[in-house]
Amino acid sequence: MSNYNEALDSEKRALSRMVEGSFYPKQDPETESEHSELSDLLAKVQGNPELQRQLLQKLLLDAVGA
C-alpha cells in the first residue's frame, strides 16, 4: 500500500506543477527584453509628435494599399 500512496503523491505533485505552469507561465529573459524594448519605443513615439505623424501617415498609406 505504501508504494501506491507514493505513486499517487508523485502524480499529484506532477499535476500540481502542470496546473501551476499553465496559470503562471515563466517568462523568458528574451521576452522580458522585447517587452522593455517595446515600452521604450512606445515612450519615444508618445514623446515625439513628428514621429507620431509619420507613423500615422505610414499606417494609413499601408491600409489604403491593402
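Helices here are DSSP runs of H or I with at least four residues, strands are E runs of at least two, and both are numbered from the N terminus. What you're looking at is a predicted model, where local features need pLDDT of at least 70, side-chain atom pairs count only at pLDDT 80 or more, and totals for chains, interfaces and linings use all residues. Residues are numbered from 1 along each chain as its sequence is written, and side-chain values use heavy atoms, with hydrogens and water left out.

View 1. The protein chain has 3 helices and 0 strands, which read α-α-α along the sequence. Its accessible surface (Shrake-Rupley method, 1.4 Å probe; for residues, only the protein chains shown count as cover) is about 6400 Å², and carbon and sulfur atoms account for 58% of that. Of the 66 residues, 2% are buried; buried means under 20% relative accessible area, exposed means over 50%, and partly exposed is in between (1.4 Å probe, protein chains only).

**View 2. Here's a nonpolar patch on the surface.** L15, M18, V19, F23 and Y24 make up this patch, with about 590 Å² of accessible area together. Patches take residues with over 30% relative accessible area and no salt bridge, joining nonpolar side chains (Val, Leu, Ile, Met, Phe, Trp, Tyr) within 5 Å and like charges within 9 Å. Y24 sits in the loop between α1 (2-23) and α2 (29-46), and counts as exposed because its relative accessibility is 63%.

**View 3. Now for helix α3, end to end.** The expected span of a helix is 1.5 Å times one less than its number of residues. For the 17 residues of α3 (residues 49-65) that gives 24 Å, and the end C-alpha atoms agree, being 24 Å apart. At the start of α3, a side-chain oxygen of N48 comes to within 3.1 Å of the backbone nitrogen of E50.

View 4. Opposite charges on side chains can pair when the charged atoms come close. A salt bridge puts a side-chain nitrogen of Lys or Arg within 4 Å of a carboxyl oxygen of Asp or Glu, and the count here is 2. R53 and E50 form one at 2.6 Å, N to O. They are 3 residues apart in α3, so about one helical turn separates them. R53 is partly exposed at 43%, as is E50 at 38%.

View 5. The closest N and O atoms of D62 and K58 are 3.2 Å apart. These two are 4 residues apart in α3, so again about one helical turn separates them. D62 is partly exposed at 42% relative accessibility, and K58 is partly exposed at 48%.

Conventions
A polar contact is a pair of N or O atoms within 3.5 Å; within protein, one must be able to donate a hydrogen and the other to accept it, and residues adjacent in sequence count only if both atoms are side-chain atoms.
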